[in-house]
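I opened my notebook to look up a few things in one protein.

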Amino acid sequence: MSATRTLTTAERPARTWTSLSPKSPKVSDVLRVVILVGGALACLIPLLWMFLGSFKSQSELAARPPSFLPDSWGLDNYTEALSRFNFVQYLTNSVIVTVAATVLTVVINAMAAYALAKYNFRGKNVLFLLTLATIMIPLQVILIPVYQVVASLGLVNTLWGMIIPAAATPTGVFLLRQYMLSIPDELIEAARVDGSGEFRTFVRIVLPLCTPALAVVAIFSVMWRWSDFLWPLVVAQSESVYTLPVALARFNAELTVPFNLILAMGVVSTIPVLVIFLIFQRQIATGIANTGIK
């Protein structure tokens with residue numbers, strides 16, 4: 001008789017729907033999966049509806065009950081939107097504002113965070129608390145004073161008027177400061193003893209060590225600036241400086257709203273941010289975890 005024998009059906013470990021382990025899933029695991037799947041669907045369904053609607057005609061969008069899939073998958077809405085509206089100009093303005101504002105945000109926030117993290121001066125903690133307190137102040141509260149400053153500098157109806165006021169962000173300062181606190185002070189002191197200047201130490205030593213946090217601030221800045229609407233709406237007074245969100249709002253104000261074209265332009269304007277987030281989502285999670293935010 002063979003030393004080994006085939007296990008019967010009753011003797012085999014039962015497989016569960018979660019894994020090959022014989023253990024049954026916990027109620028907390030099931031609830032977590034259900035909540036995460038529900039949250040993912042809540043975020044994806046509007047994007048899917050916008051994507052499918054961008055291929056529909058005006059009559060299909062106005063049909064009741066609405067149809068889920070379009071009758072045809074042609075690119076007529078996209079081509080008409082590109083030919084009817086100055087889409088290239090709006091896209092160029094959005095790219096310029098996003099890139100320039102992101103560069104300024106990273107540079108200014110990194111300098112401020114370095115001073116708050118590694119310099120000892122009177123009132124440092126108070127200044128840091130005041131910086132954090134500005135997170136609770138919405139733009140609508142300071143909109144008029146900021147506009148008056150921009151108008152006095154002659155930056156109204158210019159791209160610089162959209163770029164400069166939003167350069168310094170308290171969230172970016174906080175993230176970078178928390179990350180820089182983990183850099184040993186002995187490393188900076190050793191660089192100073194070797195004759196390295198403050199700016200050289202900051203550029204050659206501190207910034208390379210803060211690459212994950214800088215990536216997080218840069219990605220967040222791109223997402224914020226690309227979709228920013230209120231401030232560009234206030235500053236832009238002519239069509240030549242409109243960004244994509246402002247242009248889409250302008251089309252909504254027309255007598256006959258071309259919803260099919262607006263959805264097509266909305267898909268095009270959403271793709272860059274979505275691609276950036278999907279590519280750098282690991283850097284976002286790593287950078288936030290390393291800054292001490294749990």
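**Entry 1: the whole protein**

I noted first that this is a predicted model. I looked up the secondary structure and found 15 helices and zero strands. How much of the protein is buried? Buried residues make up 33% of its 294 residues. I then looked at contacts with a separation of 6 or more, and 71% of them join residues 24 or more positions apart.

**Entry 2: cysteines**

How many disulfides does a search of the whole structure find? It finds zero. Cysteine 43 has a relative accessible area of 56%, and the cut-off for exposed is over 50%, so cysteine 43 is exposed. Cysteine 210 has 0% relative accessibility, and buried means under 20%, so cysteine 210 counts as buried.

**Entry 3: helix α1**

I turned to α1, which covers residues 27-53.

Which residues of α1 are buried? I listed Met50, Leu52 and Gly53. Their cover includes α2 (58-62), α3 (76-84) and α14 (259-279).

**Entry 4: leucine 261**

I picked a residue in α14 next: leucine 261. Its relative accessible area is 1%, so leucine 261 is buried. What does leucine 261 touch, leaving aside its neighbours within four places in sequence? I found Asn77, Glu80, Ala81, Arg84 and Phe85. I also looked up a pair of C-alpha atoms. Leucine 261 and lysine 56 are 205 residues apart along the chain, yet their C-alpha atoms are separated by 9.4 Å.

I repeated the length check on α11, residues 211-227. Its 17 residues should span 24 Å, and its end C-alpha atoms are 24 Å apart, which agrees. The buried residues in α11 are Ala213, Leu214, Val216, Val217, Ile219, Phe220, Ser221, Val222, Arg225 and Trp226. I kept a general rule beside that list: an α-helix has 3.6 residues a turn, so residues three or four places apart point the same way.

How do α8 and α11 cross? The axes of α8 (residues 170-180) and α11 come within 9 Å and cross at roughly 170°. That makes α8 roughly antiparallel to α11. On the α8 side of the contact I wrote down Thr171, Gly172, Leu175, Leu176 and Tyr179. They meet Pro212, Ala213, Leu214, Val216, Val217, Phe220 and Trp224 in α11.

**Entry 5: arginine 204**

Arginine 204 is in α10, residues 198-209. Is arginine 204 buried or exposed? At 58% relative accessibility, arginine 204 counts as exposed.

**Entry 6: asparagine 157**

My last stop was a loop. Asparagine 157 sits between α6 (139-152) and α7 (159-163). Its phi is near 65°, a positive value in a residue other than glycine. Asparagine 157 has 26% relative accessibility, so asparagine 157 counts as partly exposed.

Note on methods:
Residues are numbered from 1 along each chain as its sequence is written. This is a predicted model: local features need pLDDT of at least 70, side-chain atom pairs count only at pLDDT 80 or more; totals for chains, interfaces and linings use all residues. Side-chain values use heavy atoms; hydrogens and water are left out. Helices (H or I, at least four residues) and strands (E, at least two) are DSSP runs, numbered from the N terminus. The expected span of a helix is 1.5 Å times one less than its number of residues. Buried means under 20% relative accessible area, exposed over 50%, partly exposed in between (1.4 Å probe, protein chains only). A disulfide is a pair of cysteine sulfur atoms within 2.5 Å. Contact means heavy atoms within 4.5 Å. Axes are lines fitted to C-alpha atoms, for helices over the stretch in contact, and angles run from 0 to 180 degrees between N-to-C directions. Angles under 35 degrees count as roughly parallel, over 145 as roughly antiparallel, 65 to 115 as roughly perpendicular and the rest as oblique.
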